[in-house]
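Please work through the following exercises with the sequence and the 3D structure at hand, trying each task before reading its solution.

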Amino acid sequence: MPELVTTPFDARATAWDVVDGVDLRGKRALVTGGASGIGTETVGALARAGAEVTVAVRRPDSVRELAETARRERWRGTVRAARLDLGDLDSVHALTAAWHGPLDILVANAGIMALPALERSRQGWELQLATNYLGHFALAVGLRPALRAAAARVVVVSSGAHRRHPVDLDDPQFERTPYDRWVAYGRSKSADVLLAVGIAQRWARDGITANALMPGWITTNLQRHLDLATLQAMGAADEAGNPVEQPFFKSPAQGAATSVLLAASPLLDGVTGRYFEDNQEAPVTADPAGPGVAAHALDPGTAERLWEYASGVLATGD
């Protein structure tokens with residue numbers, strides 16, 4: 001086994017810390033879900049370092065303020081918006097068909113978490129798996145020529161929730177088993193790590209690298225579907241329902257640091273198919289409470305089977 005990758009940045013480093021001194025002028029990046037939370041911090045760090053950043057979101061007007069900030073503060077790079085609904089493959093195909101030229105960085109940042117009831121995408125997939133995994137899979141596949149042209153980096157934002165729930169390829173869409181919001185979320189995040197592993201296995205000859213990460217606990221819109229009892233159980237709210245900031249919580253800028261490290265730091269040149277936490281490569285663990293990455297999320301055989309399953313969906317359109 002190769003040695004774990006280490007960096008000089010700790011868990012409290014910010015996105016800007018990890019790209020301080022990095023020149024991304026002439027580079028092009030696409031960040032999904034970059035209009036809020038850690039996505040905004042990811043976009044800001046890449047653009048301030050000089051990259052031309054496309055923010056792919058369902059509501060392009062939500063990027064207007066960020067783009068204006070980039071112009072007003074004279075960031076070295078630029079920010080623009082593109083429409084993308086990851087839960088709708090037609091939307092994904094529209095974006096990839098409209099893309100021209102090379103793409104140096106793809107950050108699969110957008111996601112949804114813990115939908116209370118079973119919802120399905122237009123193509124019939126359980127919506128968390130569709131949004132968090134399938135949409136990003138289709139995006140990467142559709143953009144492969146652009147990624148290949150730049151020997152690009154692909155960054156996939158996962159979660160520690162993956163440790164508890166492996167992908168279930170026998171019933172991935174909850175067609176036979178009862179829906180559970182946390183099982184569905186955990187499976188989708190295992191799938192995200194496996195996406196990075198699959199890209200690393202299949203596209204190495206293109207010069208494309210891919211890695212996954214867990215950003216840490218950050219209070220963002222991702223928690224919008226959580227009820228008060230769940231937030232209290234997580235220690236994120238007190239008995240009166242007031243927000244509580246635990247010592248291990250991160251700011252959005254700190255949460256985005258590992259994404260930006262994988263996207264832009266020269267320390268990660270050539271590194272692929274791995275999983276990172278707190279700006280370091282995480283060890284494999286059997287403890288669902290972590291830290292670390294579960295072996296099931298790095299399994300090359302599972303990555304291959306999931307890739308074939310998703311490829312079949314793209315080929316048939318359902």
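**Exercise 1.** Which are the buried residues of α10?

Solution. This is a predicted model, in which local features need pLDDT of at least 70 and side-chain atom pairs count only at pLDDT 80 or more, while totals for chains, interfaces and linings use all residues. Residues are numbered from 1 along each chain as its sequence is written, and side-chain values use heavy atoms, with hydrogens and water left out. Begin by locating helix α10 at residues 257–264; helices (H or I, at least four residues) and strands (E, at least two) are DSSP runs, numbered from the N terminus. Next, apply the burial scale, on which buried means under 20% relative accessible area, exposed over 50%, and partly exposed in between (1.4 Å probe, protein chains only). The buried residues are then Ala257, Thr258, Ser259, Val260, Leu261, Leu262, Ala263 and Ala264, so that eight of the eight residues of α10 are buried.

**Exercise 2.** How many residues has the largest nonpolar core?

Solution. A nonpolar core is a set of buried Ala, Val, Leu, Ile, Met, Phe, Trp, Tyr and Cys residues joined through side-chain atoms within 4.5 Å. The largest one has 49 residues, and those with the most contacts inside it are Leu30, Tyr133, Leu147 and Ile199. Among the elements that each supply at least two residues of this core are α4, β4 (105–108) and α7 (181–202), whereas α5 gives the most, with eight residues. Apart from this core lies another, of 42 residues, among them Val5, Phe9, Ile38 and Ala49.

**Exercise 3.** In which sense do β2 and β3 pair?

Solution. Strand β2 (residues 52–57) and strand β3 (residues 78–83) pair (at least two DSSP bridges between them) in the parallel sense over six bridges. As one example, the bridge partner of Glu52 in β3 is Thr78.
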